[in-house]
Amino acid sequence: MTSELDIFVGNTTLIDEDVYRLWLDGYSVSDAVALRVRSGILEQTGATAAVLQSDTMDHYRTFHMLERLLHAPPKLLHQLIFQIPPSRQALLIERYYAFDEAFVREVLGKKLSKGTKKDLDDISTKTGITLKSCRRQFDNFKRVFKVVEEMRGSLVDNIQQHFLLSDRLARDYAAIVFFANNRFETGKKKLQYLSFGDFAFCAELMIQNWTLGAVGEAPTDPDSQVDDMDMDLDKEFLQDLKELKVLVADKDLLDLHKSLVCTALRGKLGVFSEMEANFKNLSRGLVNVAAKLTHTKDVRDLFVDLVEKFIEPCRSDHWPLNDVRLFLNQYSASVHSLDGFRHQALWDRYMGTLRGCLLRLYHD
Amino acid sequence: MPGKLKVKIVAGRHLPVMDRASDLTDAFVEVKFGNTTFKTDVCLKSLNPQWNSEWFKFEVDDEDLQDEPLQITVLDHDTYSANDAIGKVYIDIDPLLYSEAATVISGWFPIYDTIHGIRGEINVVVKVDLFNDLNRFRQSSCGVKFFCTTSIPKCYRAVIIHGFVEELVVNEDPEYQWIDRIRTPRASNEARQRLISLMSGELQRKIGLKVLEMRGNAVVGYLQCFDLEGESGLVVRAIGTACTLDKLSSPAAFLPACNSPSKEMKEIPFNEDPNPNTHSSGPSTPLKNQTYSFSPSKSYSRQSSSSDTDLSLTPKTGMGSGSAGKEGGPFKALLRQQTQSALEQREFPFFTLTAFPPGFLVHVGGVVSARSVKLLDRIHNPDEPETRDAWWAEIRQEIKSHAKALGCHAVVGYSESTSICEEVCILSASGTAAVLNPRFLQDGTVEGCLEQRLEENLPAGCGFCHIPYDELNMPFPAHLTHCYNCRKQKVPDVLFTTIDLPVDATVIGKGCLIQARLCRLKKKAQAEANATAISNLLPFMEYEVHTQLMNKLKLKGMNALFGLRIQISVGENMLMGLASATGVYLAALPTPGGIQIAGKTPNDGSYEQHISHMQKKINDTIAKNKELYEINPPEMSEEIIGSPIPEPRQRSRLLRSQSESSDEVAELDLSHGKKDAFVLEIDDTDAMEDVHSLLTDVPPPSGFYSCNTEIMPGINNWTSEIQMFTSVRVIRLSSLNLTNQALNKNFNDLCENLLKSLYFKLRSMIPCCLCHVNFTVSLPEDELIQVTVTAVAITFDKNQALQTAKTHAEKSLQRASTDNEELLQFPLELCSDSLPSHPFPPAKEHLESASSNSGIPAAQRAVTVEKASPVGEGNFRNRSSPPCANSTVGVVKMTPLSFIPGAKITKYLGIINMFFIRETTSLREEGGVSGFLHAFIAEVFAMVRAHVAALGGNAVVSYIMKQCVFMENPNKNQAQCLINVSGDAVVFVRESELEVVSTQQPTANCQPACAGGEVTT
């Protein structure tokens, strides 16, 4: 006796969260059944393995049919074939677009192209995430990217509107799209200690302050924002950053800056002497990073540079986080007292974001 | 020109990409009705076109309005080649033809293609202007309402229940026409869908005409079926019960039969003196009671007519009614005669209803069924479907005579079905023989008065169990005892019926689904030889199914079956029997005896030991089941029973023997009143198997109950969470050495595993009950068995379920008052917007004239008058507010039940009757057979929901999947499936939303008299 056909269709589509998770994780039906058996569900319910097999198949079939709709979540809301309560719809979408930390760290900042897709095998082996799941996550990134790429207005809003994601997840996707668009290098060995959250935090700050969209964000002029894009860094701003070079090129200015910072922090820093000794190196590092951002190649290396030029020197001197904060605050603020320096606004736009990023990136 | 149909095409969305180059579609729409076609403009390059067309107007006869579906075709415009069809929508405009139903159809419909399935949606608005031209009503029957529901629909009152209506139309099946060889599968499928749509429209119109002839205004329990006879044609047939319904605009007398799920009434007080009337002292019902009438009647194909069982039973009819006169009081006799004459005027006193207004059902005799095997031949003249008509007439005649043999003049819970394999067709009909209260059956005459009195005498909760036939002239041997409830009348030891459990029945504990499953191998044969072989097998199957049911019932410690449905399906090389029913313990019937096993070879020690071991297992199972289903009837000593007939614990005996089934009667007779246990004699391995299989049925996991009736006795606190589902399984039998036992085991496992899967899938709903579990079995090919289950899972509140039983008096008081509230509030606020325009519906006049003629007591008359008072109605109408159908956006509930727990149905929008074909030539790509059928069933649900939503409804009740014919050819990567579904589209309002309203409204009217002693006591 073999089962030729075995289906269950409910007027309200049944969604089993556990099975959905297994499906999203890319397990085959037989693996999923094995995992469910191991979870002790048979003992709890008194069901047989055959029942479990049939149930799993059914759910997998349903998910397979739903997948097409999940690619364009608004369709899921308007379609008539599956009657699913709104809360369940939200769950389906949210989980479908959720991603693994390990996976996203592998592809963050990479071009979402066929080439990268070919590398998914390796990523799968490396991370232990099934290839199927890797593909889904990669395709999600790519799909979101494609849809919002040419759109105007706020990146997060666009993503939310077209993919109906929660605020948190939409922000994450904005970071992923932003990183993919600007191709920031995140895979270097010295960046391995950073989490996706660290990068997403930086991305958000950069989107808010360094993009074209950021310029028009003044509340008095809400319309202009519509014409701007959140994905690309403000080219003009990057060009202008060259002007900051004077802070390290002009020896007087650099000395004055250093003395201002040292005076203010004397007695307040545990690592004062190290700071004093390193000030010029650090300042040169930070300003040079800014000055180099006109080249796409250097934009991509932004995080590598920040780590090399600032994070690592501080860390090797064992600066406590709080000292880093005090230093960066003072370092940024002191510039306002440099009479010969005319680019205060530019400095603030640059340092404001960079300070936030550095503080976030400064950990073990 | 009595009607103008207006259609507007608004927009489309999610259309498929038809032009690969641009990834877009140039869509336009053709709107066709009859022979007229309109087209919209082409909406270039859009997957979400906005047409906003003008109103397309069709001026048509109302006959066409009833027959024809509106056909909407969405196409992709192509300048150079033929336009490509995207898909179609068929809209049945029938609901727009009755005044009280929907007024407009408007909404998003899935665009359906028989090859690709659903491809996007289209927004359509449809209206009908009907010119009421009474002269034209001869050909059309606009205005007759149709209900699939097999009880009087909520928010209606039955004034008269006229009786049986049937009709069938035949045609050639387009699939088998010569032209099918040259047209595409799509064209062929569409021709079939269209034809069936036309035929069901025509059928409905013809039935409507019959109803108008009977002066009714509605058909309740409408059941339409298709017989795909292959080469010999296509038959669409329907049966139903004609009624005159009255919209409940004022407080009604009739309790909605199923709305208040049956109460647990363990007390058996009531009726210390049921006979205040001097005329009817003593046993007031002359004719009594019943058991299962097992009538394995069959007509052999063509040659012979009816079986000997039939003949032997028929003559008893006269005696039954004759003795009635002698024994009963004069009133009774008179009543009986009148009832009988009322019913005998009808060719077939059949009712497709399974639940009834209180007082309608007087006694139940037992199940009557008839089957006949026919050879199909080509239908030569579709306009004269005489052969098919004659076949059914023959079967119905047989049913009628069986009912008479049981001393009953009517058959309720009546249904018909067929099973076709190649050129052989089994026609089956079954129902429950019953004695009915004539008051509902005809226009008012003298009986009103008699009836009133009779009704007062009827003990509540057990009356229907009392035997309707003559005790001294029983049509078959049965063991009678005095009713355990009223102790006046005689009752049988077991009762089998096809109806739902009456609301007022006194039940102890909970019920459960009981199934008998059976397979029998049959030699492959041709034509007549095949038909004869099948005819010969049928009685054996019926007998075994019956035995299995009886054994399982005993094993559960129960004594009655409701909703019994026995399906016999025929395949190339086997017959399958599947019986489903809901077992209960009726307080009125005696406690069932146990099952005792007897071995044939008494001197073998180990054998004895084995037997005793089995006996112990059986006893344990019975004890366990009693606990599980909470069956603990009050102990009664013999004195209380005070019965002259055998001891109260009387048991019946049924021999499991190797002898032929036809002498069942004789065997039963042997045991009459003597033996003290239900004996299973184990005389061969077969019997051993059977006993084993009895014990292998696993009870549902804790927290689950199941039944195939509308409601589960003993559970009365449903929550609003419902989940309707369809599950289909097909298994392939290994063709090697198939034996009956192996087959039985396979089939049994299939059903049991299916149930287990359901319990597992629905575990999140615990505590929950699967209601209206409907199994259908078919044999699509050699070695394939297909089982389809549709049911609804309803959660209930466990805490309340433990409620202690209240006294009957309290219960009925409580019920009376809640009924007052429910029935009052509800129509006031929500139904009345669609009141019929005449303040005095004609039906009420009948009632009134009836009562005045018959000298009904003054008080009751007063009530009757008040009820019909136009003032009251006027008041109510003013208070009406529009139903808030859209409170739950877009959600459409579906349920096979006639009600929605926790909600009130405020309006019936019309019948949904849809037929779909889906075919694929890329089976593997669509996920194999499972993927294909899964998607198709989901699509069917979606289309049903969309139609209901477009009618303005938010639920389908009495939903049924009548057919699911699945054919596959994996080698060719092809599959085809036909599905036919039906139900009633309704608007419901949550009770919680009603509560606000109900507190403001004092009881505006006292409970009218018609409910009789039932409510007023």
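Visitor: Which residue just after helix 19 of chain B takes a positive phi?
Guide: Happy to start there, keeping in mind that this is a predicted model. Look just past helix 19 of chain B, where the phi is about 95°. The residue with that positive phi is B:Gly952.

Visitor: Is helix 19 of chain B mostly covered or mostly uncovered?
Guide: Helix 19 of chain B has 23 residues and reaches 33 Å from its first C-alpha to its last, close to the 33 Å expected. Buried here means under 20% relative accessible area. By that cut-off 22 of the 23 residues are buried, so the helix is mostly covered.

Visitor: How many residues does helix 19 of chain B give to the largest nonpolar core?
Guide: That core has 212 residues, and A:Phe327, A:Tyr350, B:Leu70 and B:Ile122 have the most contacts inside it. Helix 19, residues 928-950 of chain B, supplies the largest share of the core: 14 residues.

Visitor: Which element of chain B gives the most to the side that touches chain A?
Guide: In total, 47 residues of chain B are in contact with 34 residues of chain A. Elements giving two or more residues to that side of chain B include strand 8 (117-130) and helix 13 (740-761). The most, 13 residues, comes from helix 19.

Visitor: Which residue of chain B forms a salt bridge with A:Asp55?
Guide: The count between chain B and chain A is 5 salt bridges. In the one with A:Asp55, the closest N and O atoms are 2.7 Å apart.

Methods. Residues are numbered from 1 along each chain as its sequence is written. Chains are lettered from A and ligands numbered from 1 in the order in which they are written. This is a predicted model: local features need pLDDT of at least 70, side-chain atom pairs count only at pLDDT 80 or more; totals for chains, interfaces and linings use all residues. Side-chain values use heavy atoms; hydrogens and water are left out. A nonpolar core is a set of buried Ala, Val, Leu, Ile, Met, Phe, Trp, Tyr and Cys residues joined through side-chain atoms within 4.5 Å. Buried means under 20% relative accessible area, exposed over 50%, partly exposed in between (1.4 Å probe, protein chains only). Helices (H or I, at least four residues) and strands (E, at least two) are DSSP runs, numbered from the N terminus. The expected span of a helix is 1.5 Å times one less than its number of residues. Contact means heavy atoms within 4.5 Å. A salt bridge is a side-chain nitrogen of Lys or Arg within 4 Å of a carboxyl oxygen of Asp or Glu.
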